[in-house]
Amino acid sequence: MTAELEYAPYELMAAAGARELKDGEIVTVGLGLPVIATFLAQRTHAPNITIIFELGVVDPEPIKVAVHGLSDPRIWYRAKVHTSFADMLGSVLHRGLVDVGFLGGLEIDAYGNLNTTLLGDPKGKFRRFTGSGGGNDVASNANRTVIIMRHEARKLNKAVSFITSPGYLRGNGERERMGLRGGPSRLITDKAIFGFDPESKRMRLESIHPKTTLEDVLSNMNFEPIVPGDVPTTEPPTAEQVRLIREEIDPDGMYAG
Amino acid sequence: MTKVATLAEAVASIPSGVHVSLSGFATARCVMAFAHEVIRQEIKELTVSQCVAGMDADILVGAGAADRIVYGGGSRGRTGQHYCLRRGIENGTLITEEFSSLSMTFRYLAGSLGLPFIPIRSLRGSDILKRLQESEPSPVSTLNDPFTGEEWLVLKPLIPDVAVVQVQVADEDGNAWILGPRWDNEEQVKASKRAIVFTERLVSTEAIRREPERTVIPGFRVSHVVHLPFSAHPTSVYKVYDFDADHIKQYADASKTPEGFQEYLDKYVYGVKDHWGYLELIGGMEYLKSLAADPVLGY
């Protein structure tokens with residue numbers, strides 16, 4: 001009898017992120033878990049994906065993924081192309097060639113609208129954060145986006161303080177009427193995976209992670225997602241995926257714990 | 001014709017109140033020596049612009065040299081927010097015109113091409129756009145595509161008075177190479193009325209002529225060339241030196257409060273005569289050699 005595979009929540013999330021990528025796709029990646037998910041996909045089922053970083057980096061092979069930010073040259077190592085915003089966000093993303101964009105944020109609502117700008121009252125007292133960077137551009141122009149966030153009630157909110165990066169706005173075709181391409185296809189948290197209803201565009205529970213209950217998922221959100229009658233359990237990472245993350249992709253364990 | 005100037009001469013060419021576009025991105029190729037000298041020369045009321053905020057914009061805003069920023073957002077990544085920008089935005093003392101990385105790039109690109117406006121698919125449906133539409137005069141509008149009739153958001157071009165750019169290699173005419181990713185630097189320079197180049201290495205024009213395909217900034221756009229080693233410290237210059245993690249942490253901690261930030265300025269900006277004094281203060285060559293980039297890694 002084999003012992004049950006031990007893995008950390010972030011390893012399950014990275015495996016879930018990797019499953020969202022198909023071989024041959026072009027992916028824009030920010031930092032953190034999306035980098036691990038993308039390198040994991042590249043080392044397993046999607047060896048021919050193209051990875052781009054907005055500031056002008058194509059297909060890097062960094063020794064370390066534990067870096068200070070996109071401006072850290074460690075993440076540019078062994079790239080195939082060093083180029084510019086105009087190229088990456090312009091002639092690739094704006095042109096419509098990006099299949100998947102990874103996003104994260106401070107807050108998200110039931111229609112996948114993301115806030116990375118501020119918390120509080122925009123016209124009164126607020127706490128300022130990063131703003132858009134390329135986030136709004138990816139949300140507006142990628143053919144689909146995959147959002148990765150921690151599952152906390154204050155982050156999964158009824159309304160966001162500020163829409164930095166539009167999801168489906170108020171649903172029912174508003175995004176399409178704005179002339180925006182694509183839209184969010186998945187939200188991956190540390191408790192569950194969500195999709196979006198094809199008609200209403202409201203968030204819909206797709207699977208619940210092992211050792212997590214439906215009640216735990218719903219009580220840590222400030223809005224009600226659509227909950228189908230039968231919600232499956234999220235597929236856990238395989239032993240090989242866990243090995244790749246620990247030994248090859250993130251040996252420093254930057255995202256562990 | 002030589003355009004080589006001292007740091008003080010190049011900075012003295014910048015009057016108060018102009019729009020300066022900066023080459024920094026978070027903790028890479030920020031024009032730090034330039035920013036320090038602007039603060040020492042008491043130049044005020046600058047508008048600064050860049051796609052993603054760097055430490056150069058943060059220190060200029062914190063020291064009161066710049067009171068307006070046009071940018072696409074940004075932080076220092078894992079070492080936190082740009083605290084001077086955050087304070088200025090939260091307390092309303094910093095006039096902010098906020099976009100996204102691509103919309104900033106497109107504004108510079110339109111400026112560089114001499115176009116009256118540029119259409120873009122970004123920003124629509126966002127609160128970023130709502131704010132820009134409310135500002136007077138608004139830098140955004142809409143227009144129908146004359147070919148398809150489809151409505152498009154259009155942006156006003158951005159034409160800075162001066163681009164200030166940190167590069168690895170330049171000649172005395174300002175022909176310059178930027179190694180590694182270039183983010184918005186090329187469009188910034190070409191949109192601006194002139195450029196000031198800070199270079200780690202000053203080479204002969206003959207050396208430039210032997211590899212002209214590497215030249216990103218042509219000399220005819222450049223007014224001053226400042227040859228100053230470690231002029232981006234504590235940020236990185238790809239293939240020349242790494243960022244100084246310890247000094248960045250010191251800046252990050254200090255800039256969390258106005259008092260701490262003032263102490264930082266008193267020590268590292270006002271407390272030294274010039275850039276050479278700054279380099280001595282942080283430990284001189286003995287310390288700086290530890291930051292030298294490995295030629296294979298680039299950092």
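Q: How many of the 10 residues of helix 3 of chain A are buried?
A: In this predicted model, a residue counts as buried if 20 or more other C-beta atoms lie within 10 Å of its own. A:Phe85, A:Ala86, A:Asp87, A:Met88, A:Leu89, A:Leu93 and A:His94 are buried in helix 3 of chain A. The helix is therefore mostly covered, and the number of buried residues is 7.

Q: Which elements do the buried residues of helix 3 of chain A pack against?
A: Within chain A, the partners are strand 1 (26-28), strand 2 (50-53) and helix 4. Chain B is also involved, and its elements in this packing are helix 5 and helix 7 (185-191).

Q: Which residue just after helix 3 of chain A takes a positive phi?
A: The phi angle in question is about 105°. It belongs to A:Gly96.

Q: Which element gives the largest share of the side of chain A that touches chain B?
A: Between the two chains, 44 residues of chain A are in contact with 45 residues of chain B. Helix 3 (85-94), strand 9 (126-128) and helix 4 (135-141) of chain A each supply at least two residues of that side of chain A. The largest share is 5 residues, and it comes from helix 3 of chain A.

Q: How many residues of the side of chain A that touches chain B are charged?
A: By class, this side has 18 nonpolar and 20 polar residues. The charged residues number 6.

Q: Is A:Ser140 buried or exposed?
A: A:Ser140 is found in helix 4 of chain A. There are 31 other C-beta atoms within 10 Å of A:Ser140, and the cut-off for a buried residue is 20 or more. A:Ser140 is therefore buried.

Q: Which residues of chain B are in contact with A:Ser140?
A: Leaving aside neighbours within four places in sequence, A:Ser140 has contacts in both chains. Those in chain A are A:Pro166, A:Leu180 and A:Arg181. Those in chain B are B:Arg121, B:Ser122, B:Leu123 and B:Arg124.

Q: Why does the largest nonpolar core lie between domain 1 and domain 2 of chain B?
A: This core has 158 residues, and among the members that touch the most others are A:Ala14, A:Leu40, B:Val31 and B:Leu60. It lies between the two domains because residues come to it from both domain 1 (7-98 + 159-291) and domain 2 (117-156) of chain B.

Q: What distance separates the centres of domain 1 and domain 2 of chain B?
A: The domain assignment of chain B gives these two domains. Taken over C-alpha atoms, their centres are separated by 31 Å.

Q: Is B:Pro258 buried or exposed?
A: B:Pro258 has its place in helix 10 (residues 258-268) of chain B. It has 12 C-beta neighbours inside 10 Å, and a residue with 12 or fewer is classed as exposed. B:Pro258 therefore counts as exposed.

Terms used
Residues numbered from 1 in each chain as written. Chains lettered and ligands numbered in written order. Predicted model: local features only at pLDDT ≥ 70, side-chain atom pairs only at ≥ 80, totals over all residues. Core = buried A, V, L, I, M, F, W, Y, C linked by C-beta atoms within 7 Å. Domains from an automatic or database assignment. Contact = placed C-beta atoms within 7 Å. Helix = DSSP H or I, 4+ residues; strand = E, 2+ residues; numbered from the N terminus. Nonpolar A, V, L, I, M, F, W, Y, C, P; charged D, E, K, R; others polar.
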